[in-house]
Amino acid sequence: MQSIHVDTFDDWRDAARRLLASGVSPTDVQWIGGAERSLFDDAPSPTAAEHGGRGTTPSVPKAFLELARYVACHRESGRWSLLYRTLWRLTHGERHLLQVTTDDDVHQLMQMRKGVSRDIHKMKAFVRFRKLETGGAEEQFVAWHRPDHRIVRLAAPFFARRFGGMHWSILTPDESVTWDQTSLHYGPGVPASEAPNQDALEDLWKAYYASIFNPARVKVAAMKREMPVRHWPTLPEATLIDDLLRQAPARADAMIQTNEGFAETAAHFMPERGDLVSLRLAAANCRACPLHQCATQTVFGEGSPSARIVLVGEQPGDREDIQGHPFVGPAGKLLDEALKHAGIERREVYITNVVKHFKFKETETPRGKRRLHQKPDSREIYACRPWLEAELAAIGPQVIVCLGATAAQALFGRDFAITKDRGNVMRTDWCDITIATWHPAAILRMQDASRQTQMRTQLVEDLTSVK
Ligand code: URA
């Protein structure tokens, strides 16, 4: 029997590769994880790196490695041997094992993956950064969180994308991670007693939470499931819950009287103040439709609050979703060029989208996974519409330019045909001068080169007439 020490997925993968190449059967290996190691410390045994192997490693399905990366973060001590046993079976005549969902090992792996995914979701929802009073020039933020599993490395890239412009650290009892606006750095775990717990952000967050709390939807058991009680000590809004629950029946009655709050729209998440800063802050937590579940973040409109021209697109694309700004991908580049030709400075206008979350379908391509844009449906457009209306109300533009059919139909109605009515000035509830023109992405997608040039010219003409 061989004993192998492993702490991380990489340790396990290296060791498993060597054992497999040497033909070592799962029944001849004892896997010892970090937490269990102290029990066995007297008798040193080979580490993953020391354990030499012979022969070649059979190829392993990619889906298994993905699964293993998640399962490796689970706290269950039997995970390493379960993973090696499954790997052995996959490479010894059961190549399609993962499709046999009734198999005990596969079932257990799937349950563990689910537990880890759920924990990552909770970490994304419950991490609250607090500003550190460092006195330095640069603002630093820190959060302390207690995940159920060892998920810091799986979850950290999400925070790097979402809070890419901040210098932050997330401390957990197992491990800590710091983002310096360029790369992630991992360090040892930190006990709760060393994490800061008071600052001004807390009051801002509480005010926001109280404004989105919907008394008509309170289900205490579901709330405890979604926001487990063990996370409450690190959540500033948790101190409000008792009061909000006490007031809920009276507030729900008031909402019934005013017929407010029952449709599934962004109206539930509207802040009291209608300025762009408050709107943007509130929209960051919008859950009016399911698109927030897969998107990286809300991509709210950007630009001058006193802009005379508002440009409205369809929804953020892949780049926008990652960077958190509208029209920064290929369509944005074409738009920038067209604005320049029309003599309009991007910083003078306000640019937004009808739908504020990226909708996509993930597909496998020979070069890896790709996120393919999907058109938002009418329910998603309807759910998101209050944000656009609030942005237009806050700005009061002189001209609205709809980029493409989705934006035009959202403002002019479903019958609007961009091929017929492009460039015509019309009056809408929001503005006396509202026009629609080509969406830059539609121009990029056009296969016919001469038609593409014509559309590009027409976009510039329409923007010039707006100017
Ligand atoms: N397409 C859009 O409609 N909006 C963006 O922000 C980017 C691409």
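Is F129 buried or exposed? At 12% relative accessibility, F129 counts as buried (under 20% relative accessible area; exposed is over 50%, partly exposed in between, with a 1.4 Å probe and protein chains only). This is a predicted model, where local features need pLDDT of at least 70, side-chain atom pairs count only at pLDDT 80 or more, and totals for chains, interfaces and linings use all residues. Residues are numbered from 1 along each chain as its sequence is written, and side-chain values use heavy atoms, with hydrogens and water left out.

**View A. F129 meets F163.** Rings of Phe, Tyr and Trp (its six-membered ring) pair if their centres lie within 6.5 Å, and planes under 30 degrees apart count as stacked, over 60 as edge-to-face and the rest as tilted. That rule gives 14 aromatic pairs. Here the centres of F129 and F163 sit 5.3 Å apart with planes at 75°, so this one is edge-to-face. F129 is in the loop between α4 (104-126) and β3 (130-131), and F163 in the loop between α5 (152-162) and β5 (167-171), so the pair ties together parts 34 residues apart in sequence. (Helices are DSSP runs of H or I, at least four residues, and strands runs of E, at least two, numbered from the N terminus.)

**View B. F163 and F159.** F163 is partly exposed, at 25% relative accessibility. The rings of F159 and F163 have centres 6.4 Å apart and planes at 15°, so they're stacked. F159 is buried, at 1%.

**View C. An aromatic cluster.** F9, W12, W31, F64, Y84 and W88 are linked by ring pairs.
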